[in-house]
Amino acid sequence: MGAGITQVTSLSSRQHDDVVLPGKDVLPGKDVLPGKDVLPGKDVLPGEDVLPVLPVLRGLLPAGGLLRGSVVAAGRWSMLCLALAAGASVDGAWCAVAGLPQLGVRAAADAGLDSGRLLLIADPGTGWPQVVASLLDGFEIVLLRPPERPSAQLRRRVEAAVRRHGSVLVVAGDWDGAQVRLHIARQEWTGIGVGHGRLRARRVEVVADGRGAWARPRTRWLWLPGPDGSVTAAADWVVGAGSADGAGGSNSAWTDHRGAVAVSGAG
Amino acid sequence: MNAVGGMRRRVLVLYCPGWSSSAQRSPAQDEQAGPGAQDLDRVISVLEEFCPQVEVLHPGVCAISVRGPARYFGGEEELARKISEAIIRRGLDCRTGIADGLFTAVLAARAEPSGAVVPPGGAAAFLAPFPVTALEIPELDDLLPRLGITTLGEFAALPAAVAANRLGAQGVLAHRLARGLDPRPLVPRQPAADLSVEWEFDPPAEQSEPVVFAAKALADQLQAGLAARRLACVRMRVQAVCEDGREIIRLWRYDGLLSAVAVAERVRWQLESWRTSQDLGAGAAGGRADGRADGRAVGPGGGITLLRLTPDQLVRDEGRQLGLWGDAVVSDRVARAAAGVQAMLGHGAVTRPVLAGGRSPAEQVLLVPFGDAAAPLLPAGRPWPGNIPAPAPATVYPAPLSARITDSSGTPVTVTGRVQMSDFPALLSAGGGPPLAVISWAGPWPATERWWDPPRARRRARFQIVTEDGSAWLAVVQDGRWLIEASYDLMAYYWDGARVTGTVPSYRDGARAPTEYRRNR
């Protein structure tokens with residue numbers, strides 16, 4: 001119990017809210033990326049061929065949204081998948097979810113997905129490529145967890161359907177041909193202590209990379225979910241020793257607004 | 001707007017309670033939650049002994065016209081009794097209701113304990129005590145009570161013109177229902193032209209696919225014919241004829257207007273129920289053996305030679321008025337895609353979530369098959385003391401994972417009836433995976449649910465637990481057993497930062513995972 005806590009840092013709420021700690025590529029005005037990364041005229045308002053995403057995710061995606069006809073891989077099933085679909089759902093898009101019987105609908109609704117425009121196919125079965133192709137015909141966003149790793153041929157067939165229908169396939173898993181890959185590198189829960197408090201919010205470090213111009217990884221800290229279940233930008237937080245090796249017991253802790261101790265799990 | 005007088009159509013509705021409630025179950029609980037083709041066929045073959053034309057309203061609810069059969073079988077009550085007995089003898093539970101008009105008959109059939117017979121002209125009086133929600137028109141469920149109208153009787157007492165002014169076309173429909181009338185006046189004249197469409201198969205179709213394909217084309221053709229006459233069809237007669245001349249006729253009702261894919265889907269169900277049918281009714285004894293011997297044959301008497309679709313009930317196509325704001329309108333494109341998937345996986349495999357009330361995350365969502373309407377059993381938006389505070393978990397296991405939570409000495413943590421814990425939790429292992437160190441936790445939060453109902457009562461205590469890998473879990477202990485009901489995001493399935501040490505917990509049954517977790521970096 002409590003293993004691995006080596007350092008407890010106290011941050012006051014003011015510090016935490018207002019001070020943007022120096023990070024790799026965060027500038028004041030959280031959503032603006034350094035000029036080199038901004039595609040001219042493309043990252044501000046998504047156009048016809050781009051499905052909108054939540055504002056905090058714009059900087060992580062080429063063209064500032066989900067490019068129609070593209071595949072986005074979200075690493076594994078997590079709330080990040082829901083957050084990716086939420087922006088378009090708010091905008092009126094229909095979303096189908098295949099192969100994820102464990103999807104928490106309330107969490108999805110809190111993240112911004114309209115549950116009235118959500119369709120769940122718990123088990124697409126062995127014929128899942130056909131099911132996905134049918135869904136792509138009617139739904140702007142299809143969230144898929146493939147039951148197995150698809151062969152290259154199968155994968156290309158699904159990708160062709162994605163392009164043909166101009167939809168977006170968000171894969172909760174790996175997808176070799178994905179234009180963009182996102183994953184959660186680190187996360188910390190706040191609000192819960194040892195025997196007291198409760199889970200209130202989670203700060204995650206989302207890393208995005210992809211192909212071509214988007215090959216260089218970029219990083220964002222998000223509240224995923226925030227205290228009310230929504231997804232918002234979080235200030236960068238420099239973990240003293242929260243390095244990627246993680247296993248060495250270099251977890252660190254900090255306090256959230258209410259002073260409860262939160263412990264980071266190194267990714 | 002005036003076809004009120006005259007002979008009212010007497011209708012018998014057969015309601016199979018256990019069957020239709022399959023829509024209320026999640027597909028995980030009910031693996032074969034499809035259309036229940038076999039039961040459907042059993043019920044229909046029984047009903048066909050009483051009346052040749054059976055209308056399937058939706059799975060679990062069938063209707064027949066009473067007039068002829070009642071005279072033959074010695075009165076309405078007698079007919080209802082005989083039908084129930086025949087169905088119960090086949091091992092299915094059922095209730096029957098007889099009334100003027102379909103809406104009243106459906107409610108009569110749902111009456112406890114075994115349905116009701118509403119005398120002619122008594123529909124309005126029978127309907128009066130029902131709440132307005134019985135109309136199943138979501139827009140009015142909320143509006144009418146706010147206007148002080150809680151029962152159908154109060155609603156029916158309003159002048160029709162007032163209902164029309166205030167509530168529009170939908171209000172007129174609802175008001176007619178509440179008065180015990182048919183929702184829309186039927187078109188008084190017979191359609192002058194024969195609107196039926198048919199497709200001959202030469203050679204006969206041995207497989208169901210070409211028949212279903214033809215049905216889709218026929219449905220388009222039918223739709224075009226109807227649209228040209230500004231008619232819409234709410235009921236459709238599907239007739240399939242076999243090589244040896246035998247035929248099966250089904251009536252299908254579809255809420256909303258029938259789309260081509262919806263029609264094709266129903267034809268597929270009809271053919272499937274036929275193939276799996278055990279009892280083909282009178283005169284089938286000869287053809288049954290060969291029909292069953294060849295598992296691929298679609299019909300009992302060889303292949304299908306003819307498929308005919310006849311619009312059986314026509315109404316004026318008044319279009320559908322959509323809500324001005326906020327209605328999640330199912331567009332044709334979405335409906336087509338969803339129906340296409342339903343055709344592949346079965347009716348119950350494609351669901352829409354409805355948020356409901358409850359304490360545990362699994363209770364808070366009801367999955368309704370696409371195309372069905374169902375109100376949540378437990379209403380959302382009420383306070384549920386003891387529910388899980390926000391944020392909601394992103395992963396809710398359809399069947400909770402078994403778990404082992406131990407203290408630092410390795411003995412399982414227990415919680416007494418007075419919510420005293422034996423020790424702090426130190427290790428968590430879920431679904432047979434490797435143990436993870438607990439770095440923070442909160443709880444126990446006791447919940448004593450349904451203590452008034454011993455078989456369903458349960459006492460449990462919940463915990464939120466964060467483990468060393470950064471994953472957060474919602475654990476529950478009941479009768480000394482630990483279960484993982486839900487998890488906030490898992491960093492990985494037993495991802496310890498450098499390597500994967502476990503397998504993916506199977507979300508289906510909480511048992512051992514079938515697939516190795518592949519992501520090995």
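How many residue pairs are in polar contact between chain A and chain B, with both residues at pLDDT 80 or more? Eleven. By polar contact I mean a pair of N or O atoms within 3.5 Å; within protein, one must be able to donate a hydrogen and the other to accept it, and residues adjacent in sequence count only if both atoms are side-chain atoms.

Quick housekeeping, folks. This is a predicted model, where local features need pLDDT of at least 70, side-chain atom pairs count only at pLDDT 80 or more, and totals for chains, interfaces and linings use all residues. Residues are numbered from 1 along each chain as its sequence is written, chains are lettered from A and ligands numbered from 1 in the order in which they are written, and side-chain values use heavy atoms, with hydrogens and water left out.

Okay, the interface. On the chain A side, 69 residues are in contact with 63 residues of chain B, contact being heavy atoms within 4.5 Å. The buried area comes to about 5,300 Å², and carbon and sulfur atoms give 60% of that; this is accessible area (1.4 Å probe) that two parts lose on being put together, summed over both.

Which elements of chain A supply at least two residues each to the side that touches chain B? They are α2 (79-90), α3 (105-111), β6 (118-121), α4 (128-138), β9 (180-192), β10 (197-210) and β14 (261-265). Helices (H or I, at least four residues) and strands (E, at least two) are DSSP runs, numbered from the N terminus. α4(A) gives the most, with seven residues.

There's strand pairing across the chains too, which takes at least two DSSP bridges. β6(A) pairs with β9(B), residues 350-355, in the antiparallel sense over two bridges. A:Leu120 has B:Thr351 as its bridge partner there.

Now over to chain B itself: 13 helices and 16 strands, with buried residues making up 50% of its 521 residues. One residue to look at is B:Thr305, in strand β8 (residues 304-316). B:Thr305 counts as partly exposed because its relative accessibility is 22%; buried means under 20% relative accessible area, exposed over 50%, partly exposed in between (1.4 Å probe, protein chains only). Its C-alpha sits 4.7 Å from that of B:Phe201, 104 residues apart along the chain. Leaving out residues up to four places away in sequence, B:Thr305 touches several others, including B:Trp199, B:Pro204 and B:Cys242.
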